[in-house]
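The sequence and the structure are shown first.

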Amino acid sequence: MDGRGARGAFQLPARVKRDRGMDDVFMYVVEIRNGDDYRASTIEHMDRPEAQADQQIKDVYAAVDRVLNDDQVLKP
């Protein structure tokens, strides 16, 4: 994972507060464990980012996408 994607993963909030409810959308879930520290983020895919975390999660996903085989990649 490149540095930008890795840094983005550690800076993600647990959730992004939205002005509206979203059902049945593609969601990114990132879980990070470092020793006894555990963090999880669940962020909805947004075609147009509404918050900084929306772009950060896309950067993290792009970094992971580069190391996956084509049959392992999920697209929103």
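With which residue does E44 form a salt bridge, and how far apart are the closest N and O atoms? The partner of E44 is R18, and the closest N and O atoms are 3.1 Å apart. A salt bridge is here a side-chain nitrogen of Lys or Arg within 4 Å of a carboxyl oxygen of Asp or Glu. E44 lies in strand β2 (residues 37-44) and R18 in the loop between α1 (3-11) and β1 (27-34), so the pair ties together parts that are 26 residues apart in sequence.

## Basis of the values

The model is predicted: local features need pLDDT of at least 70 and side-chain atom pairs count only at pLDDT 80 or more, whereas totals for chains, interfaces and linings use all residues. Residues are numbered from 1 along each chain as its sequence is written, and side-chain values use heavy atoms, with hydrogens and water left out.

## Overall architecture

The chain holds two helices and two strands, and from the N terminus on these elements run α-β-β-α. Helices (H or I, at least four residues) and strands (E, at least two) are DSSP runs, numbered from the N terminus.

The chain has 76 residues, of which 30% count as buried. Buried means under 20% relative accessible area, exposed means over 50%, and partly exposed covers the range in between (1.4 Å probe, protein chains only). The accessible surface comes to about 5,700 Å², with 46% of it belonging to carbon and sulfur atoms; the areas come from the Shrake-Rupley method with a 1.4 Å probe, and for residues only the protein chains shown count as cover. Among contacts between residues at least 6 apart in sequence, 55% join residues at least 24 apart, a contact being heavy atoms within 4.5 Å.

## The salt-bridge network around R18

The structure holds five salt bridges. R15, R18, R20, E44, E50 and D54 are linked in a network of such bridges. Within it, R18 also pairs with E50, the closest N and O atoms being 3.4 Å apart. R18 lies in the loop between α1 and β1 and E50 in the loop between β2 and α2, so this pair ties together parts that are 32 residues apart in sequence.

The side chains of R18 and D54 meet in a further salt bridge, at 2.5 Å from N to O. Because D54 lies in helix α2 and R18 in the loop between α1 and β1, the pair ties together parts that are 36 residues apart in sequence. As for burial, R18 is buried at a relative accessible area of 12%, E44 is buried at 6% and D54 is buried at 1%, while E50 is partly exposed at 46%.

## The aromatic cluster

A search of the whole structure finds three aromatic pairs. One of these joins F26 and Y61 in an edge-to-face arrangement, 6.4 Å centre to centre with 85° between the planes. The pair links distant parts of the chain, with F26 in the loop between α1 and β1 and Y61 in helix α2, 35 residues apart. Rings of Phe, Tyr and Trp (its six-membered ring) pair if their centres lie within 6.5 Å; planes under 30 degrees apart count as stacked, over 60 as edge-to-face and the rest as tilted.

F26 counts as partly exposed, at 25% relative accessibility. The rings of Y28 and Y61 have their centres 5.3 Å apart and their planes at 65°, so this pair is edge-to-face. Y28 lies in strand β1 and Y61 in helix α2, so the pair ties together parts that are 33 residues apart in sequence. Both Y28 and Y61 are buried, and F26, Y28 and Y61 form one aromatic cluster.

## The surroundings of H45

H45 is found in the loop between β2 and α2 and counts as buried, at 17% relative accessibility. A polar contact of 3.1 Å joins the side chains of H45 and D47. Such a contact is a pair of N or O atoms within 3.5 Å; within protein, one must be able to donate a hydrogen and the other to accept it, and residues adjacent in sequence count only if both atoms are side-chain atoms. Leaving aside neighbours within four places in sequence, H45 is in contact with M22, F26, M27, Y28, K58 and P76.
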